[in-house]
Amino acid sequence: MAEYTPRYDLALLRADAGGLTAAQRLRGEVPVLLLYSDPFVPDSYAVGALGAAEVSSYEDLVPLLQKARRCLHIRREKRVCLALPGGMRCVAARHIRYISAHGHFLVYHLVGEEIRIRGRMGEAEAALADGSFFRIHKGILVNLAYLEGADAHSVRVGEERLALSRLRRPAFLRALAEYLGDRTGVRA
């Protein structure tokens, strides 16, 4: 257990078979659900588990797995924290339609609002690198999930047309094909 490298989304452990010790070691690395038998009721929160349940059938396990699914979805959601003049605001990456650069400022075009902050496009791109974002121009980073169309010179996000750099077009088409393949389950 000491040399374990986290590569799973969830660990199901029996609390009465060394599972509490394992759960403590996995704390913060992998979400844990504890399963126990009737005479043994563990303190799941003391070991950092998502929860515990007495399981004698599959039906007993379903509510616990549904809870784990909700927790894993929230935990995986990419968030970006923006430094505002009066403090800070964290937004879910899935709500960002695109980001545009204007001098020393970035405008985050969200669903239903815009946020203007001081920043550099390279920093925004790095923060959103492992998602569905692609830099189509030196000053525009687009969330491919909001893309509604594209031609040789621009992309359409909602009613807005955004310039597509001629030099970035081949990489954009590859990124779009990969993104669409990931969404449909078909590999390009």
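**A close look at the core and its surroundings**

Modeller: Let's begin with Tyr108. Leaving aside neighbours within four places in sequence, Tyr108 is in contact (heavy atoms within 4.5 Å) with Val80, Leu82, Ile96, Tyr98, Ile99, Glu113, Glu114, Ile115, Ile117 and Ala124. Please keep in mind that this is a predicted model, in which local features need pLDDT of at least 70 and side-chain atom pairs count only at pLDDT 80 or more, while totals for chains, interfaces and linings use all residues. Residues are numbered from 1 along each chain as its sequence is written, and side-chain values use heavy atoms, with hydrogens and water left out.

Tyr108 also belongs to the largest nonpolar core, which has 16 residues; Leu82, Ile96, Ile99, Leu106, Tyr108, Ile115 and Leu128 are the ones that touch the most other members. Such a core is a set of buried Ala, Val, Leu, Ile, Met, Phe, Trp, Tyr and Cys residues joined through side-chain atoms within 4.5 Å. Buried means under 20% relative accessible area, exposed means over 50%, and partly exposed is in between, using a 1.4 Å probe and protein chains only. Two or more residues of this core come from each of β4 (79-84), β6, β7 (105-110), β8 (113-118) and α3 (121-127). These elements are DSSP runs numbered from the N terminus: helices are H or I, at least four residues, and strands are E, at least two. Strand β7 gives the largest share, 3 residues. Apart from this core lies another, of 14 residues, including Tyr98, Ile140, Leu164 and Leu176. In soluble globular proteins, nonpolar side chains tend to be buried together.

Now follow strand β6 (residues 96-102) to Ser100. Ser100 counts as buried because its relative accessibility is 8%. Its side chain meets that of His109 in a polar contact of 2.9 Å. That term means a pair of N or O atoms within 3.5 Å; within protein, one must be able to donate a hydrogen and the other to accept it, and residues adjacent in sequence count only if both atoms are side-chain atoms. Not counting residues up to four places away in sequence, Ser100 touches Phe105, Leu106, Val107, His109, Met121 and Gly139.

Two of these neighbours deserve a visit. Gly139 sits in the loop between β9 and β10 (140-143). With a relative accessible area of 14%, Gly139 is buried. Beyond four places in sequence, Gly139 touches Ile99, Ser100, Ala101 and Met121. The C-alpha atoms of Gly139 and Ala101 are 4.8 Å apart, although 38 residues separate them along the chain.
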